[in-house]
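Subject: Structure for you to look at

Hello,

Here is the structure I promised. Please open it and read the notes below alongside it.

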Amino acid sequence: GLPAAYGTIRNHGGDIRIATAPDAGTMVTLILPACSARDAALQVAAASDETAPRKGELTVLFADDEATLRETARVLLKHANCRVILAENGRDCLDRFKREQGSIDLVIIDLNMPVMSGAEAMAEIVKLAPTTRIIVTSGYGRESRAELMSGNGNVRFMKKPYPFSEMIKEIKTFMSDSNDKG
């Protein structure tokens with residue numbers, strides 16, 4: 001809830017102000033720096049020159065139920081030389097993975113989504129293709145993280161909120177680690 005929102009807003013250079021008065025209610029003000037999607041994409045593109053995942057195009061299946069996050073990921077991952085497939089929930093992610101399984105290099109999936117959770121979709125993906133590289137994202141605790149990652153070197157975890165530049169670095173490191181193994 002509010003702690004996750006606060007973390008996301010602070011991570012983007014903003015702030016939350018809360019004013020409350022008895023019998024008057026509560027006013028929540030979100031303060032965010034002005035930045036267009038194009039400006040954000042240019043910033044990540046500049047950073048991704050050094051952190052691009054690998055030469056050639058990397059295909060990433062990105063699943064999150066937040067439309068704004070999906071669209072931001074699409075723009076920024078494209079600037080990082082990735083082909084992007086978007087999914088809006090766990091079921092959509094699994095269906096898209098089945099359709100394009102041979103071409104997907106990496107799945108980035110949020111744990112908490114409607115229709116089918118990210119954890120359920122991930123379990124099915126691993127059954128279909130055990131060597132699939134997966135980055136799990138969540139704003140929740142370590143218990144979920146430990147359970148998901150136990151014994152699977154093909155799964156990494158990123159706690160939300162994260163700057164997309166860190167996501168790009170994680171992709172580069174993860175894919176380079178996997179290429180060294182195989």
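First, a term: two strands pair if DSSP finds at least two bridges between them. Note too that this is a predicted model.

The sheet. Strands E5 (residues 106-110) and E6 (residues 133-138) pair in the parallel sense over five bridges. One of the residues involved is Asp 110, whose bridge partner in E6 is Thr 137. The whole sheet is open and has five strands, in the order E4-E3-E5-E6-E7, with parallel pairing. Strand E4 (82-87) and E7 stand at the edges with a single partner strand each, so one side of each has no neighbour in the sheet. From one strand to the next, the twist averages 20°.

The helices on it. Helix H3 (residues 67-79) packs on the sheet and touches strand E3 (58-63) and E4. The direction of H3 makes about 170° with that of E4. Helix H4 (residues 90-100) lies across E3, E4 and E5, and runs at about 135° to E4.

Helix H5 (residues 118-128). Its buried residues are Gly 118, Ala 121, Met 122 and Ile 125. Seen down the axis of H5, they fall within an arc of 100°, so they line one face of the helix.

Asn 154. Where does Asn 154 sit? It is in the loop between helix H6 (142-149) and strand E7 (155-159). Buried means under 20% relative accessible area. Asn 154 has 15% relative accessibility, so it counts as buried. A polar atom of its side chain lies 3.2 Å from the backbone oxygen of Pro 130. Leaving aside neighbours within four places in sequence, the contacts of Asn 154 include Thr 131, Arg 133 and Phe 174.

Best wishes

Methods. Residues are numbered from 1 along each chain as its sequence is written. This is a predicted model: local features need pLDDT of at least 70, side-chain atom pairs count only at pLDDT 80 or more; totals for chains, interfaces and linings use all residues. Side-chain values use heavy atoms; hydrogens and water are left out. Buried means under 20% relative accessible area, exposed over 50%, partly exposed in between (1.4 Å probe, protein chains only). Helices (H or I, at least four residues) and strands (E, at least two) are DSSP runs, numbered from the N terminus. The arc is that of the directions from the helix axis to the C-beta atoms. A polar contact is a pair of N or O atoms within 3.5 Å; within protein, one must be able to donate a hydrogen and the other to accept it, and residues adjacent in sequence count only if both atoms are side-chain atoms. Contact means heavy atoms within 4.5 Å. Axes are lines fitted to C-alpha atoms, for helices over the stretch in contact, and angles run from 0 to 180 degrees between N-to-C directions.
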